Amino acid sequence: NLSIVDGFVVPNINHFGSQGATGGPLSFINLDYVRGTTFSSGGFPVLYGDKLSSVLRIDLQEGRSGSIGGKATIAATQFGFNVDGPINENLSFILSGRRSYLDFIFNAAGFNFVPEYYDLLAKLSYKIDAQNYISYLFVGAFDNVKFNNKDAEDRYDNSRILGSAQNQYVTGISYKHLFKKGIFTLSLSRNFVDYDATQKDSLLNPVFKNLSREGENELKADLVFKPGDFSELNIGASAKFIKFSADIKLNSFRTSFGEVLDITSLTAKNNFAKYGFYTQYSDILFSRIIFSAGVRGDYFDGINDGFRLSPRGSLSYMFSDRTSVTLSGGLYSQAPSYIWLAAYPQNRDLKPVKVTQIIA
């Protein structure tokens, strides 16, 4: 699933997520500052790539224009604060910080394992003039699981639990220029995730360890041009440079198929690059038919067959302002997770995961 916050790609918007996936029990985006969302469960256009399942766009508010204000919050699992307002006539900010109090409850109840998390959201918005706008965003999440090993029973119970700690953040700056028939956006961003997963036996000896770091730096440009009242042309390109490292240890064991894994430790450092481009044209015909067609190209240099071309299109007929029928489809691809490429050089022969979608 693809998550985009204020135009910046966030690998996973959830606390305690899984490496290479986009799940997790709780979002770290503060809903108090969400201006609006759009969600597509499939058949999404060529503007979005390197994902298969869905697109969630989250647009954040700007700081209030009158005066600085805020509030303290207490929720079911966390407490925190919100502050936002103007710095001057053209510059505003929002700031949010939250902390879980589950660790206080779990410790008081005598639980063996104690999860805790923090998150931080900050945004600056600067209106240069009526046509030019700059914004800065920082979103961070910090998760940790601690174990209370007071006796042998605690150690035994905790030996069945994988302790997960991860720190992640997304930061970026975006420039938007509005001209007579469209808008141009240029953005530079970085997202970073530090995974620290450890499991120990009842004698506190390490059974499994995964220390992985994934850092992505992305430069992206997008152009929306409206040649007519109802027609629209979208063009965009992006370049992403990735640093990945892994330090993995696991005890030798026999799989359910009777095989013994021949790796008990692994250290890897890799640099990757991803490039993408797209173009799409949309129009309205006879005041009833909406159509769009486009093509997207994605390249990942971490695998031998890393280029994919993805044509997509959609057609809608509006019976009325409230009723329409839509048919959309196309090709979608997603590059292998970085952790999949760390163990064997032969894994460069992996191909992107592909899916063909037809949605009515």
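**Exercise 1.** Determine which residues Ile-58 touches, leaving aside residues up to four places away in sequence.

*Solution.* The structure is a predicted model, in which local features need pLDDT of at least 70 and side-chain atom pairs count only at pLDDT 80 or more, while totals for chains, interfaces and linings use all residues. Residues are numbered from 1 along each chain as its sequence is written, and side-chain values use heavy atoms, with hydrogens and water left out.

Step 1. Apply the contact criterion, heavy atoms within 4.5 Å.
Step 2. List the partners of Ile-58: Ile-4, Val-5, Asp-6, Ile-13, Ile-29, Val-34, Gly-36 and Thr-37.

**Exercise 2.** Identify the residues of the largest nonpolar core that touch the most other members, and the elements that give two or more residues to this core.

*Solution.*
Step 1. A nonpolar core is a set of buried Ala, Val, Leu, Ile, Met, Phe, Trp, Tyr and Cys residues joined through side-chain atoms within 4.5 Å. Buried means under 20% relative accessible area, exposed over 50%, and partly exposed in between (1.4 Å probe, protein chains only).
Step 2. The largest core has 16 residues, of which Val-5, Ile-29, Ile-58 and Leu-60 touch the most other members.
Step 3. Two or more residues come from each of β2 (8-10), β6 (55-60) and β11 (132-147); β11 gives the most, with 3 residues. Strands (E, at least two residues) and helices (H or I, at least four) are DSSP runs numbered from the N terminus.
Step 4. A separate second core of 14 residues includes Ile-242, Ala-246, Leu-250 and Ile-303.

**Exercise 3.** Describe the side-chain directions and the pairing of strand β1 (residues 2-5).

*Solution.*
Step 1. Leu-2 and Ile-4 point one way, Ser-3 and Val-5 the other way, and all are buried.
Step 2. Strands pair if DSSP finds at least two bridges between them. β1 and β6 run parallel and are joined by 4 bridges, with Arg-57 of β6 as the bridge partner of Ile-4.
Step 3. β1 also pairs with β2, in the antiparallel sense, over 3 bridges; Ser-3 has Val-10 of β2 as its bridge partner.
Step 4. The hairpin of β1 and β2 has 2 residues between the strands, and Asp-6 there takes a positive phi near 55°.

**Exercise 4.** Locate Phe-16 and Asp-50, and state the phi of each.

*Solution.*
Step 1. Most residues other than glycine have a negative phi.
Step 2. Phe-16, in the loop between β3 (14-15) and β4 (26-27), has a positive phi near 55°.
Step 3. Asp-50, in the loop between β5 (34-40) and β6, has a positive phi near 60°.
Step 4. Asp-50 counts as buried because its relative accessibility is 18%.
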